[in-house]
Amino acid sequence: MRIVEESVRAVTPHVLGTGAIEDLPEAVPRDSTDLLSDWFESSIPEFQAATTLAFLSLNLYCLMRKGRTFPRLDHGAQAAVMGRVFGMKSAIAFLFVYLLSTPAVTAYYSREDVQAVLGFDIAALKEEAGKRVVTRRGELDQPSEPDAETSPGETTL
Amino acid sequence: MIRSVEEITGDLRLSAEVVVIGSGAGGATVAKELSEAGRKVVVLEAGRHFTRDDFNFRMDNAFINMYWYGAQVMTLGSPVFLLPQGKTVGGTTTINSGTCFRMPHRVLKRWHIDFGLWEIADEELDLYYAAVEEYLFVQKCDPEVMGKNALLFLEGARKLGLSGGILSRNAKECEGYGVCCFGCPSNAKQSANISYIPDAVEAGCEVYTGCTVEEVVVRSGRAVGVRGRFCGTSRGAAGPRLEVEADVVVLAAGALHTPRMLQVQKLCTSSGQVGRNLTIHPCCGTVALMDEEMGNPKGIPQATYIDEFADDGIMLEGGTTPPLGIAMLLPHKGRRLAEFMSEYPNFGIFGGMLSEHCSTGRVVPHPLDDRRHLIFYTLRGEDRRKYKFLTELMAEIWFSLGAKSLFTTSASFAEMRPSDLSRFKRQKAKVSDFMPSSAYHPLGTCRMGSDAGSSVVMHTGETWEVENLFICDGSTVPTSLGVNPQMTIFALAMRSAGFIDDRLEALACRTRR
């Protein structure tokens, strides 16, 4: 649904708030919609229905209060709406916020460049793990010295 | 051989002595034991086969590719729990933290007294546990790699006089990459996909992936095979059909799918227990903002535990998690989320679970699509107080360690300061205050027992009503275990494999006569 897609993109910068922190890379709203479409493919129809309903509710609220859908509001008005939404304090509200924010949060904090800034350097870890293959051969608790049959980086116990 | 769905070009008809549905802790164990005993075994797995080259440290990829329904399986009730389950070769063992516990003796005693399962003796079960532990290299986490977070929390708990220790895991030469739940990138975690399944395959077992079983074929009260379908190339598209004739059928699809399959076919339902008695371990996490760096995410996701209140059904287990795990737990969004996430290196994280409690739920087929299920579960009575106590306990420990702020799953204390703790403790445990959280370890939906009127399977794992139909997964475990269940599922499946082998021998003798 186009309005949902546009809303997911429009909501993304407000959910992430990354502009406020210098080191964090910029959010890419398209990542959120790409992830959501993959997620809908693998998930249950109810997840798609609930997410769609959450974004439609947000738009309905904006239409009633501001006369425009969320993506058509200016940045300041969008920020004010999202501020109200994020300020709600109840378990139900948390579920609503979860549905609105999960695509953005998941797509953004899965990015390798973002995680690297936070100290989780996937590229380096991948390289390290790639050099090290634990095999099931051998006994437990023996010194880990590579033997003649072991390829470089392979650990044999 | 492990065959992927792409290799299947047309409808398939196979015959085997045993067909196993599911390749998790239960199915993989049965497949390996029987294949190595010289039996012809076919395993059918709904998920795909992934190897360490596919495990790319990314939570989003893992959710979408290796978890049932993109990790969005939810319970219906209050509060709402996400119940993530593995959908890949190795089942949930491929995406769990690898925590290994034997079942406490008090729980087995309860099985004896309440369910008449005297045949499962302490000494016998201990032998199976020992065999599984040796095979899976179960050992205590290495303090050098477990990460600062886990050790610090344990130290804090001990200073408060609480008992706890270092967890045992099925991991060999673990380097603490912190991503066990998204597939171990070094093959250190001895999940079924790199242990039982490869050994079963080496012994001649055939594994078909991307295959959903639609029907257990029953003739004259005996299971004689299964029918199913491979998944198509696009969502909803039907792939080639599959039919397997077998002397024994083993259902090992887990405590959510196994009962659904029986209910849809109205098999073994006369006791009224199929799908009922669901126990799960409702969890809640706490994220603490510390003054010092916590070494995230290098470490082990679950490395230490606090068991001071284990007899009351309260267990704390924890370690570390990548940034996304923290971002999902933080209650804030927008600028505050970014501000807090920039403090990621200083976050401590620990989780708690209601490990034994009286609430139970049930699983039923989805009324609009019987290939899926609905899960009903609500925390009742005393369990609500215990669930809230999990957060109180973790808060107490974090604040004693100097945490500045604590993020919790309580709606009214989502961000808690040290001065809030006494007010939080005084607050009544209300379901409306519990934010949606996650739960793990579904068990009990096809429970084992000593009479056909109140249970689905006998102690051997065979169903009371359909001969040669065995269930070897968490669904047969009749009560909550008080601990993480994978070792018990491995051990019970190993035990059942012996009975299945005996049955095949008896069938062969009957044929020879």
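## A three-stranded sheet in chain B

Three strands of chain B form an open sheet in the order β6-β9-β7, with antiparallel pairing. Strands here are DSSP runs of E with at least two residues, helices are DSSP runs of H or I with at least four, and both are numbered from the N terminus. Two strands pair if DSSP finds at least two bridges between them. The edge strands, β6 (99-100) and β7 (138-140) of chain B, each pair on one side only.

β6(B) meets strand β9 (residues 168-170) of chain B in the antiparallel sense, over two bridges. Within this pairing, Thr99(B) sits opposite Arg169(B) of β9(B).

## How to read this model

This is a predicted model, in which local features need pLDDT of at least 70 and side-chain atom pairs count only at pLDDT 80 or more, while totals for chains, interfaces and linings use all residues. Residues are numbered from 1 along each chain as its sequence is written, and chains are lettered from A and ligands numbered from 1 in the order in which they are written.

## Strand β13 and its partners

Let us follow one strand of chain B, β13 (residues 238-251). Strand β2 (residues 12-21) of chain B pairs with β13 in the parallel sense over nine bridges. Ala16(B) has Ala246(B) as its bridge partner in β13(B). Strand β12 (residues 222-231) of chain B also pairs with β13(B), in the antiparallel sense and over six bridges. There, Gly225(B) stands opposite Glu245(B).

Strand β23 (residues 469-471) of chain B is another partner of β13(B), parallel and joined over three bridges. Leu251(B) of chain B faces Ile471(B) in β23(B). As a general point, side chains in a regular strand alternate between the two faces of the sheet.

## The largest nonpolar core

A nonpolar core is a set of buried Ala, Val, Leu, Ile, Met, Phe, Trp, Tyr and Cys residues joined through C-beta atoms within 7 Å. A residue is buried if 20 or more other C-beta atoms lie within 10 Å of its own, exposed if 12 or fewer, and partly exposed in between, with C-beta atoms placed from the backbone. The largest such core has 200 residues, and Val19(B) and Val250(B) touch the most other members. Helix α12 (residues 486-512) of chain B supplies the largest share of this core, ten residues.

Which residues does Val250(B) contact, leaving aside its neighbours within four places in sequence? Among them are Val18(B), Val20(B), Ile21(B), Phe470(B) and Ile500(B). Two residues are in contact if their C-beta atoms, placed from the backbone, lie within 7 Å.

## A mixed sheet with a helix across it

Another open sheet of three strands in chain B has the order β4-β19-β18, with mixed pairing. β4 and β18 (362-366) of chain B stand at the edges with a single partner strand each, so one side of each has no neighbour in the sheet.

β18(B) pairs with strand β19 (residues 369-376) of chain B in the antiparallel sense over five bridges. Val363(B) is opposite Ile375(B) in β19(B). Helix α7(B) lies across β18 and β19 of chain B, at about 55 degrees to β18(B); axes are lines fitted to C-alpha atoms, for helices over the stretch in contact, and angles run from 0 to 180 degrees between N-to-C directions.

## Backbone details in the loops

The one from Ser78(B) to Pro79(B) has omega near -5 degrees, and Pro79(B) is in the loop between β4 (75-76) and β5 (81-82) of chain B. The other joins Asn296(B) and Pro297(B), with omega about -10 degrees; Pro297(B) lies in the loop between β14 (279-289) and β15 (304-306) of chain B.

Ala71(B), in the loop between α2 and β4 of chain B, has a positive phi near 65 degrees although the residue is not glycine. Is Ala71(B) buried or exposed? Ala71(B) counts as buried because it has 25 C-beta neighbours inside 10 Å.

## Where chain B meets chain A

In this model, 48 residues of chain B are in contact with 48 residues of chain A. On the chain B side, the elements giving two or more residues are α2 (59-66), α8 (323-329) and α9 (335-341). α9(B) gives the most, with six residues.

Chain A has seven helices and two strands. Buried residues make up 34% of its 157 residues.
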